[in-house]
Amino acid sequence: MTAKEFFGCTFIAYGPAFALFIFTIAREPLRIIILIAGCFFWLLSLLFSSVLWNIVWPLKDQLAFGVVFSVLFQEVFRFFIYKLLRKADEGLQTFSDEPPTASDKHMIAYVAGLGFGLMSGAFSLVNVIAMATGPGTVGIHGDTPYFFLTSALMTSCFILLHTFWNVIFFWGCDKRNIPAVLFVVGFHMLISCLTLIRPLQPATIIPTYCILLVTMAIAYKLVGGSIDNLTAFLFCKRAGYASN
């Protein structure tokens, strides 16, 4: 049972992100580089959070303190990678005859966000699912028996949220739209604080996934998506193609 739980939680947590990587990134070397850059900048945010956590030693036992400053550092480094990628994009355009398009910028934001989320998910769940292989039985002392499942669901949600947040954040920075940037920072802080509720319950997971759906819809709209495009995709239609 422990092996089944291990593989099941692993696929729940990382399956959607792995599918996105395979179908949208794996065949493009430049996108892989951007993905790695996103991972690296998240690691930098973790490094600075750890340094602060060790410096402010009287608050080491306060988990909320670590969560709040971890979120703030992540958003600061999200801005840093935005500036870096935009500068790199400007430099690459000097060697290209084709002007940049909005879809290129959105793709960069999406790929960097997925890297951000993947590294976040890796650090948040790897140690947890490693314990799922046993020995032991979850919930034998009265704790929730769904600890691994809820942790996997939250990890998957956070990976996708980071991806969509990055799209919104980059768009907000490009347009100098402060509410869009504050939306990302505010909801990142809100959902991270929800994880302080122990044990994780459906009351925590349900609103988190509701926020994921709203964030996904906003990101989809900002990149030019519409109901017509979504309908055409779901029914496998193409522009200018009429099925008999």
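Is Phe-69 buried or partly exposed, going by its relative accessibility? At 33%, Phe-69 counts as partly exposed, where buried means under 20% relative accessible area, exposed means over 50%, and partly exposed covers what lies in between (1.4 Å probe, protein chains only). The model behind this value is a predicted one, in which local features need pLDDT of at least 70 and side-chain atom pairs count only at pLDDT 80 or more, while totals for chains, interfaces and linings use all residues. Residues are numbered from 1 along each chain as its sequence is written, and side-chain values use heavy atoms, with hydrogens and water left out.

Helix α2 makes a handy place to start. Helices here are DSSP runs (H or I, at least four residues; strands are E, at least two), numbered from the N terminus. With 27 residues (29-55), α2 should span 39 Å at 1.5 Å a residue, and its end C-alpha atoms do sit 39 Å apart; the expected span is 1.5 Å times one less than the number of residues. Buried residues of α2 include Phe-41, Trp-42, Ser-45 and Ser-49.

Next come the rings. The whole structure holds 13 aromatic pairs, a pair being two rings of Phe, Tyr or Trp (its six-membered ring) with centres within 6.5 Å; planes under 30 degrees apart count as stacked, over 60 as edge-to-face and the rest as tilted. Phe-48 and Phe-77 have ring centres 5.3 Å apart and planes at 45°, so this pair is tilted. Phe-48 belongs to α2 and Phe-77 to helix α3 (residues 63-93), so the pair ties together parts 29 residues apart in sequence. Phe-48 is partly exposed at 42%, whereas Phe-77 is buried at 6%. Both rings also belong to a cluster, linked by ring pairs, with Phe-40, Phe-41, Phe-73 and Phe-80. Phe-69 has a tilted partner too, Phe-65, at 4.9 Å centre to centre and 50° between the planes. These two lie four residues apart in α3, about one turn of the helix, and Phe-65 counts as buried at 15%.

As for charges, two salt bridges turn up, each a side-chain nitrogen of Lys or Arg within 4 Å of a carboxyl oxygen of Asp or Glu. Glu-75 meets Arg-78 at 2.9 Å, N to O, and both sit in α3, three residues apart. Glu-75 is buried at 6%, and Arg-78 is buried at 0%. The other bridge joins Asp-174 to Arg-86, again with 2.9 Å between the closest N and O atoms. Asp-174 is partly exposed at 27%, while Arg-86 is buried at 9%.
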